[in-house]
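Subject: Structure handover

Hi,

Here is the structure for you to take over. Please open it first, then read my notes below.

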Amino acid sequence: MMKVRLMLTCLCDAFYGEVGIATVKVLEHVGCQVHFDARQTCCGQPPFNAGDWKAAKQVAERCRSLFEGNDPVVTPSASCAAMVREGFKMLGVEPEVPVFELCQFLRNVAHVERWQALPNQRRVAFHRSCHGRMLGLGSTQEDLLRLVGNLEILPLNETEQCCGFGGAFSVTHGNTSKGIGQQKLSQIVASGATEVVGGDMGCLMHLQGLAERLGVPLQFSHVASVLGDAL
Amino acid sequence: MNARESMLSRLPKPSQDPPPEPFQLPSGDLSRVQLWSQFHTRFSDLGGTIVTWQTLAGLSDRNWIVEPGLDVGQGGMHVDCDVWNASVGVTRADLAVAETGSLLLNQWPFSRRMASLAPPIHVAVINESSIVPTLDAAIERLERTNAVLVTGPSRTADIEGVLVRGVHGPGELWLIVERD
Amino acid sequence: MNPFDAFVRNLDPATGKSVHDASATKTQQRIDTLSAVFPDPESARSAAARTRQYVLDHLKPLVLSLEEQCHKNGIVVHWARDAKEARSVILGLCRQSCRPGAVIVKAKSMATEEIHLNHALADAGYDVVETDLGEFVVQLDHDTPSHIVTPIIHKNRYQVARLFEENNIGTYTEKPEELTSQARRHLRTQFRRAEVGISGVNFAVAETGRLVLVENEGNSRLSTTAPRVHIAVMGIEKVLPSEADLPLFLRLLAGSATGQRATVYTHFIHGPRKPEALDGPDEVHLVILDNGRLDALAGPYRDILRCIRCGACLNVCPVYRQGSGHAYGHVYSGPLGAVLAPALEGVGLAAIAKASSLCGACEEVCPVKIPIPELLLHLRDQGVREKTIVDPIPWSGFVAVATRAYLWRTSLQAVPMAKLVPNPWSRHRHMPRRDGRDFRRWFRERA
């Protein structure tokens with residue numbers, strides 16, 4: 001049985017406990033033993049992106065020391081994974097933590113090639129999170145979701161476009177962030193989907209908050225939750 | 001220190017690495033007929049037209065500017081006029097490029113750069129043998145002269161992205177292919 | 001609110017739509033063209049990145065070779081350390097060639113925008129005319145370009161029509177074809193009168209001294225062919241080692257900028273007219289410009305000098321699409337501009353690096369693979385250290401909490417309470433809610 005360490009992410013810690021729970025369920029389903037270090041906090045990305053690298057480094061150092069070791073660290077976020085993999089290097093925080101975004105772990109390490117079907121048919125639009133670019137994620141998350149029965153992924157235009165979240169950007173550049181989010185929502189609505197699936201709660205939190213404010217009726221689900229719902 | 005010396009002094013000493021190999025697209029092994037077919041598709045898509053000398057006869061009442069040495073013969077149309085007032089400019093083209101549907105015009109001593117540029121109609125005359133597969137092959141054959149690669153009629157999409165032909169250069173690009 | 005976001009808030013919806021639609025179309029055309037042109041676009045981009053990097057690493061011998069070859073070909077080379085020196089060199093050349101009052105035609109050039117050349121020439125009494133259709137509109141309207149390739153991406157046909165009517169260019173029409181021919185007629189008279197033509201340079205070949213200019217309209221050819229004197233202005237980094245490098249860069253530039261296999265005109269300038277030639281300029285001058293480039297070359301943002309000004313990063317950028325180039329407040333806009341402007345002019349401009357969600361779409365489309373997000377991050381770091389960026393968020397407080405497990409836990413419990421007070425998040429969006437169980441408790445209790 002492979003031992004993996006869960007990096008929960010601050011958003012799942014604060015708001016989206018069910019995504020964390022689904023992540024554990026999914027990892028256990030593929031035969032992992034999941035460890036959770038309750039001392040964990042944040043990877044340091046918010047101050048890193050803001051340019052306060054002195055602050056970022058202190059948080060990142062603590063995160064790195066907590067996740068020292070060879071057992072894979074798995075996180076339900078491309079954004080946090082990218083921070084730990086690439087951001088730490090830029091900050092000079094070493095040695096490397098063996099971190100994986102959840103779907104990348106499931107495909108490339110656990111070699112998942114089949115998955116159960118959902119109890120009910122769902123037609124969704126998939127939103128790629130931009131930090132997947134830093135991980136070379138490509139279509140890994142969609143490929144994994146295509147293994148799930150009763151799940152239809154509808155074609156979405158302008159998939160390369162960001163949702164507009166961008167962490168602190170969403171508050172320092174609120175109007176810009178909102179405008180980008182509205183574009184994304186209109187593409188999603190145009191796809192005919194009533195549910196949006198994504199791999200980062202940051203994107204989904206922003207899009208959901210915007211959809212609710214604008215009165216756009218959409219459901220938002222994390223990849224881990226969809227995978228978990230099929231089990 | 002003058003500007004030149006001061007700028008040069010700030011440029012770092014380079015390493016001895018050789019430059020990277022230039023990137024080339026495979027030229028394929030298309031026959032001349034296939035190359036002309038590819039050229040024709042691209043050239044037409046861009047809005048160029050392949051015509052014959054007969055087509056030009058219909059324009060005999062217009063003002064022409066003709067590159068010296070080119071015999072446009074037919075019906076005494078050999079008119080020369082102020083390039084700015086010409087309706088039709090006739091020049092040679094040195095090469096056709098199948099990859100892009102382009103024509104390469106070198107500036108020879110007898111060339112008239114403005115004839116391919118100022119009139120609303122540019123007619124280029126090319127030999128059938130003067131076709132190359134790729135841009136790489138065309139640029140390999142650049143001479144030590146000024147030259148222009150013409151890829152379709154003049155165009156713009158500056159206003160709302162709407163494609164409009166014939167902005168400052170010719171809106172019509174015609175090509176006459178002469179058998180060797 | 002920062003100036004960028006304020007600009008976005010105040011942008012009228014019609015302009016926003018023009019910018020978005022044109023950018024989205026160009027982004028798609030780029031993908032379609034590059035995948036049709038190259039069997040493997042990725043390897044083409046890698047090759048281009050290597051060559052541009054080589055140029056930056058070997059600029060000295062390459063520029064010296066360019067100078068020597070130009071000299072052999074009869075092109076006179078001038079050097080300018082900064083904008084002021086460049087303006088004075090160019091003004092000097094104009095004064096040698098023609099009297100004040102004469103017409104000087106200009107082909108679209110970012111380098112001349114950068115050195116604010118038009119004002120200097122106009123102040124000296126010259127009649128400076130921008131001849132690219134978009135630049136002509138910008139000049140008539142006393143506006144500035146909002147995109148490095150498509151300068152009037154922010155304007156629609158109605159605005160252009162009204163402008164032409166007010167300036168007696170032609171009668172009001174909503175047909176782009178007719179507006180274009182009105183501009184053609186008006187500018188023809190200027191080309192016929194012009195005594196000097198000024199252009200930029202897309203690539204200069206060190207091996208042969210050839211200057212390469214690309215365009216679609218023909219105004220650049222006219223500006224560099226019809227007048228007696230042609231002055232080309234180039235950033236010192238625009239060199240390519242050899243002619244054999246040109247095809248790759250011409251394909252990448254046309255494909256990335258406008259989704260074309262080749263631009264309509266690719267002009268290979270070798271020198272002034274030979275004595276026996278029928279036309280072409282008697283004099284060709286090349287002004288090699290530093291203006292901050294050598295500082296950038298020696299600094300942490302040198303990769304940005306690989307840029308070939310295709311504008312693909314502007315088109316794909318979600319942030320650019322919200323604001324247009326004007327939101328950046330600099331000649332260079334978009335992701336490229338957010339790095340290049342501070343790289344050329346100093347970290348005082350670093351705050352513009354914050355106008356990015358760091359999505360990375362720019363790096364993905366860049367034909368020379370410039371790691372733009374990474375450079376933006378470094379700029380933010382430097383800006384914060386040197387206090388040219390003031391962040392509204394107190395990160396030291398965040399560190400105090402995020403490095404102590406107990407404080408972190410307590411604070412997270414309190415986060416949902418934030419909805420009770422007005423905050424910048426809730427100005428635009430509903431606050432997030434807990435989606436169900438608390439993870440930590442669940443994990444503890446199952447053990």
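The notes below go chain by chain, then to the contacts.

This is a predicted model: local features need pLDDT of at least 70, side-chain atom pairs count only at pLDDT 80 or more, and totals for chains, interfaces and linings use all residues. Residues are numbered from 1 along each chain as its sequence is written, while chains are lettered from A and ligands numbered from 1 in the order in which they are written.

Chain C

Chain C has 21 helices and ten strands. Helices (H or I, at least four residues) and strands (E, at least two) are DSSP runs, numbered from the N terminus. The C-alpha trace spans about 95 × 55 × 45 Å along the principal axes of chain C.

Of the 447 residues in chain C, 57% count as buried. Buried means 20 or more other C-beta atoms within 10 Å of a residue's own; 12 or fewer is exposed, and in between is partly exposed, with C-beta atoms placed from the backbone. Take the contacts in chain C with a separation of 6 or more: residues 24 or more positions apart account for 74% of them. A contact means that the C-beta atoms of two residues, placed from the backbone, lie within 7 Å.

One helix pair in chain C is worth a look. Helix H2 (residues 13–37) and helix H12 (residues 246–258) of chain C pack at about 150°, with axes 6 Å apart. H2(C) is therefore roughly antiparallel to H12(C). Angles over 145 degrees count as roughly antiparallel, under 35 as roughly parallel, 65 to 115 as roughly perpendicular and the rest as oblique. Axes are lines fitted to C-alpha atoms, for helices over the stretch in contact, and angles run from 0 to 180 degrees between N-to-C directions. On the H2(C) side, the residues are C:Lys26, C:Arg30, C:Thr33, C:Leu34 and C:Val37. They meet C:Arg251, C:Gly255, C:Ser256 and C:Thr258 in H12(C). This contact divides into two nonpolar, four polar and three charged residues. Nonpolar covers Ala, Val, Leu, Ile, Met, Phe, Trp, Tyr, Cys and Pro; charged covers Asp, Glu, Lys and Arg; the others, Gly among them, are polar.

Chain B

Chain B has four helices and eleven strands. Its radius of gyration is 20 Å, well over the 16 Å that the globule rule gives for 180 residues, so chain B is more spread out than a compact globule. Of those 180 residues, 46% count as buried. B:Glu21 sits in the loop between helix H1 (3–9) and helix H2 (32–45) of chain B. B:Glu21 counts as exposed because it has 11 C-beta neighbours inside 10 Å.

An automatic or database domain assignment gives chain A domain 1 (2–109) and domain 2 (117–229). The contact between them takes 28 residues from domain 1 and 23 residues from domain 2.

Between chains, the contact takes 56 residues from chain C and 55 residues from chain A. Helices supplying at least two residues each on the chain C side include H1 (3–10) and H18 (372–385). The chain C side divides into 30 nonpolar, eleven polar and 15 charged residues.

Best wishes

Terms used. Rg over C-alpha atoms; globule rule 2.2 N^0.38 Å.
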